[in-house]
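Okay, thanks for making time, everyone. I'd like to walk you through one protein today, so let me put it on the screen.

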Amino acid sequence: MSQRGTYSADPELTCPNIDLFNAHALGLVSNAPSTGRLHVEATRACRDRVDAKGADRSAYNDIESSADYDAMRRTLGVRQWNVFGISYGAHLALNYMRLHPKGIRSVGIDGILPPSIAGGAVTWKAACEGFDGLFKACAEQPACNTRYPNLKATFLRLVSELEAHPITTTVTVPVHPEPVKVVLDGGNLVTWLTSATHVAEGVPRSIDELAHGNPQRIAEQLAGGKYAPQAIGRVDSSTASSAASGPRTRAVPTSSGAGAARSRRSPARC
């Protein structure tokens with residue numbers, strides 16, 4: 001079952017213009033004020049589109065989604081079932097368990113976001129913990145540490161360097177017929193890692209390739225997620241975040257320095 005308003009729900013309250021903005025933003029400096037203004041404009045247009053359909057936005061939340069799942073269980077005649085949630089799904093599962101416990105036989109949760117915590121308040125704390133866990137795992141595995149020594153230091157150096165001097169490359173993705181321009185700056189590199197930790201075994205190689213002047217793998221993964229958002233998941237739009245490992249296609253690099261005006265930000269620190 002898709003949640004209310006998502007891709008296969010009725011009514012569908014998705015905002016294709018947000019997907020288009022996210023794809024277009026790949027070719028923009030992520031931290032530039034002009035990019036922020038475009039993001040606000042796209043978000044406002046999304047809100048207006050949903051309101052124009054007569055939807056009551058207050059009816060699209062965790063409480064209503066929990067009730068929907070329990071209603072589906074009862075409609076199907078299932079006395080009890082097992083619930084599993086990952087990432088935002090863990091947040092929804094905990095709400096569901098609290099509000100409708102009678103129909104639940106067991107609950108499994110992975111990547112926990114408790115209902116008592118606002119997701120936005122812990123986003124970067126959680127990301128930092130994930131980053132550190134990945135870097136620590138590589139350091140403790142002799143084969144990984146030998147092949148990719150000082151992985152965390154390498155990543156932080158790349159974030160600082162790319163924030164000061166972004167690089168631009170072009171990649172191809174299966175769902176888009178034309179080459180895709182990707183600006184890889186410090187912010188986009190951090191954003192990539194928040195998603196890439198879902199396929200952690202490939203992260204050291206991708207970082208190492210970037211450190212040796214090849215941004216293609218990371219750029220392809222960023223583009224793959226932005227140009228195929230429907231493949232990423234079915235979650236409530238108010239808490240959705242893109243996460244995809246992206247394609248493994250070959251692309252011809254056209255890296256060059258991006259000279260766009262930009263706002264400055266301190267290097268990433270955990």
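I'll start with the overall picture, then go to the cysteines, and finish with a pair of helices.

Quick housekeeping: this is a predicted model, where local features need pLDDT of at least 70, side-chain atom pairs count only at pLDDT 80 or more, and totals for chains, interfaces and linings use all residues. Residues are numbered from 1 along each chain as its sequence is written, and side-chain values use heavy atoms, with hydrogens and water left out.

So, the overall picture. The protein has 10 helices and five strands; those are DSSP runs, H or I of at least four residues for helices and E of at least two for strands, numbered from the N terminus. Of its 270 residues, 38% are buried, and buried here means under 20% relative accessible area, with exposed being over 50% and partly exposed in between, using a 1.4 Å probe and protein chains only. Now contacts, meaning heavy atoms within 4.5 Å. If you take those between residues at least 6 apart in sequence, 67% join residues at least 24 apart.

On to the cysteines. How many disulfides does a search of the whole structure find? It finds two, counting a pair of cysteine sulfur atoms within 2.5 Å as a disulfide.

One of them joins Cys15 to Cys46, S to S 2.2 Å. Cys15 sits in the segment before helix H1 (16-25) and Cys46 in helix H2 (residues 33-52), so to speak 31 residues apart, linking distant parts of the chain. The torsion about that S-S bond is about 75°, so this disulfide is right-handed. Both Cys15 and Cys46 are buried.

Then there's Cys138 with Cys144, sulfur atoms 1.9 Å apart. This link has -95° about the S-S bond and is left-handed. Cys138 is buried at 4% relative accessible area, and Cys144 also counts as buried, at 15%. Number the bonded cysteines in sequence order and the pairing reads 1-2, 3-4.

Last stop, the helix pair. Helix H8 (residues 186-196) packs on helix H10 (residues 216-227) at about 70°, with the axes 10 Å apart; axes are lines fitted to C-alpha atoms over the stretch in contact, and angles run from 0 to 180 degrees between N-to-C directions. That makes H8 and H10 roughly perpendicular, because 65 to 115 degrees gets that label. Asn188, Leu189 and Trp192 in H8 meet Ile218, Gln221 and Leu222 in H10.

Definitions and conventions: Parallel < 35°, antiparallel > 145°, perpendicular 65-115°, else oblique.
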